There are 2 protein chains.
Amino acid sequence: MSRGRFITLEGGEGAGKSTVMAVIAATLAERGIAFELTREPGGTPLAEAIRALALDPRWSGVMQAETELLLVFAARAQHVRERVAPALAAGRWVVSDRYTDASYAYQGGGRGQPAERIAALEQWAAPLTPDLTLLLDVPVEQGLARAFSRGERDRMEREQAEFHERVQVAYHARAAADPARFRIVDARQPQAQVAAAVRTELLRWIDAA
Amino acid sequence: MSRGRFITLEGGEGAGKSTVMAVIAATLAERGIAFELTREPGGTPLAEAIRALALDPRWSGVMQAETELLLVFAARAQHVRERVAPALAAGRWVVSDRYTDASYAYQGGGRGQPAERIAALEQWAAPLTPDLTLLLDVPVEQGLARAFSRGERDRMEREQAEFHERVQVAYHARAAADPARFRIVDARQPQAQVAAAVRTELLRWIDAA
């Protein structure tokens with residue numbers, strides 16, 4: 001039995017990740033691949049409990065950047081060991097809505113935590129690199145307008161536009177530094193076209209291996 | 001206005017920390033020193049929420065050692081910045097029931113997380129060293145018997161005796177490495193004698209400065 005593959009989906013607020021998760025699921029199912037969908041922070045009962053605490057709007061203006069970084073990695077350490085690594089070892093593919101690149105973007109770019117600090121945590125808390133990362137790219141204003149139209153905002157969505165600009169710059173830097181792993185998808189397009197683009201990229205990647 | 005002093009109290013389960021916290025408070029009050037009592041993990045609403053999650057018996061056998069270490073430091077990063085550092089800057093003394101030495105003992109000695117990993121976290125997440133640390137020393141069996149007689153057990157108290165032996169060894173190593181900061185108090189004695197010993201040590205330290 002061969003090891004499963006680890007695919008992550010990244011992007012700022014309102015990039016359309018939920019729709020794309022469904023497209024990825026349909027594409028893998030079509031190819032008869034056994035897979036699991038998960039998300040970060042979260043993915044296990046304990047990691048979801050940490051997520052609820054980390055994103056609770058009640059801590060807005062209270063939670064320190066260091067606290068947030070440590071909470072996100074606490075959830076990730078649990079998720080990787082309890083769920084992602086066992087699934088991959090059992091031959092299943094894992095598709096995660098966000099993973100460590102999101103920490104470089106949000107806690108790094110957004111909150112100003114040094115990249116070396118994040119890299120050090122990654123090395124021992126979550127030493128598992130995705131095989132493929134899809135980055136949904138949408139201008140910050142368009143993404144925020146979509147996210148806000150959905151209603152209630154969590155602690156991240158409440159941040160100012162400059163915060164989300166820094167998140168996007170950090171995402172682009174991550175993608176530029178590892179072009180072999182990243183595929184950037186233009187998410188300004190209508191949903192049907194984004195879906196088609198994701199399906200094409202994914203099938204091409206599966207078939208190339 | 002001079003900076004307040006930071007005193008921490010350490011020791012395994014059932015060492016009698018609660019009683020000693022009261023003795024420290026009484027001694028500082030007697031000298032007219034303005035102080036705050038706090039504890040770790042915890043000490044602020046957010047840090048207490050992290051504590052509740054970290055110690056919940058529901059995660060026994062589920063929570064990974066890396067997750068526990070990151071949660072404890074998340075609570076500590078918050079506690080140091082939101083409460084301890086501001087109080088010290090305002091000239092108040094802070095007395096904490098446990099602090100970073102407890103991570104070297106529990107997450108390091110107990111759970112086997114490398115000391116260098118803990119030291120790296122300490123450096124950026126909680127860069128504040130206590131001025132004085134009182135270590136209550138009691139044999140593991142005696143301490144556990146006391147703790148268990150109190151009733152309900154949290155996730156740490158449920159650990160096997162060998163776990164608590166490793167905790168104690170790690171505490172002793174910390175004390176041996178920094179004799180200028182540590183005072184070891186023999187906590188096998190009856191409560192009144194422990195209280196008297198703590199009061200004497202504390203007054204001697206206050207007057208020496």
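Buried here means under 20% relative accessible area, exposed means over 50%, and partly exposed covers what lies in between (1.4 Å probe, protein chains only). Keep that in hand for the tour.

This is a predicted model, in which local features need pLDDT of at least 70, side-chain atom pairs count only at pLDDT 80 or more, and totals for chains, interfaces and linings use all residues. Residues are numbered from 1 along each chain as its sequence is written, chains are lettered from A in the order in which they are written, and side-chain values use heavy atoms, without hydrogens or water.

**Colour by confidence**

The mean for chain A is 95, with 100% of its residues at 70 or more. For the complex, the predictor gives an ipTM of 0.95 and a pTM of 0.96.

**The core**

Now select A:Leu70, A:Leu71, B:Leu70 and B:Leu71, which touch the most other members of the largest nonpolar core, a set of 56 residues. Such a core is made of buried Ala, Val, Leu, Ile, Met, Phe, Trp, Tyr and Cys residues joined through side-chain atoms within 4.5 Å. Show H2 (45-55), H3 (65-89) and H5 (115-125) in both chains: these helices give two or more residues each to the core. Helices (H or I, at least four residues) and strands (E, at least two) are DSSP runs, numbered from the N terminus.

Zoom in on B:Leu71. Beyond its neighbours within four places in sequence, its contacts (heavy atoms within 4.5 Å) include A:Ile50, A:Leu71 and A:Ala74 from chain A, and B:Ile50 and B:Met63 from chain B.

Slide along to H2(A), where the buried residues include A:Leu46, A:Ile50, A:Arg51 and A:Leu53. The buried residues of H2(A) pack against strand E2 (35-39) and H3 of chain A, and against H2 and H3 of chain B.

**Aromatic stops**

Over all chains there are 8 aromatic pairs. Rings of Phe, Tyr and Trp (its six-membered ring) pair if their centres lie within 6.5 Å; planes under 30 degrees apart count as stacked, over 60 as edge-to-face and the rest as tilted.

Pick A:Trp93 and A:Trp205: with centres 6.0 Å apart and planes at 80°, the pair is edge-to-face. A:Trp93 sits in strand E3 and A:Trp205 in helix H8 of chain A, 112 residues apart.

Next, select B:Tyr106 and B:Phe163, a tilted pair with centres 6.2 Å apart and planes at 55°. B:Tyr106 is buried at 4% relative accessibility, and B:Phe163 is buried at 3%.

How values were computed. pLDDT = per-residue confidence, 0-100.
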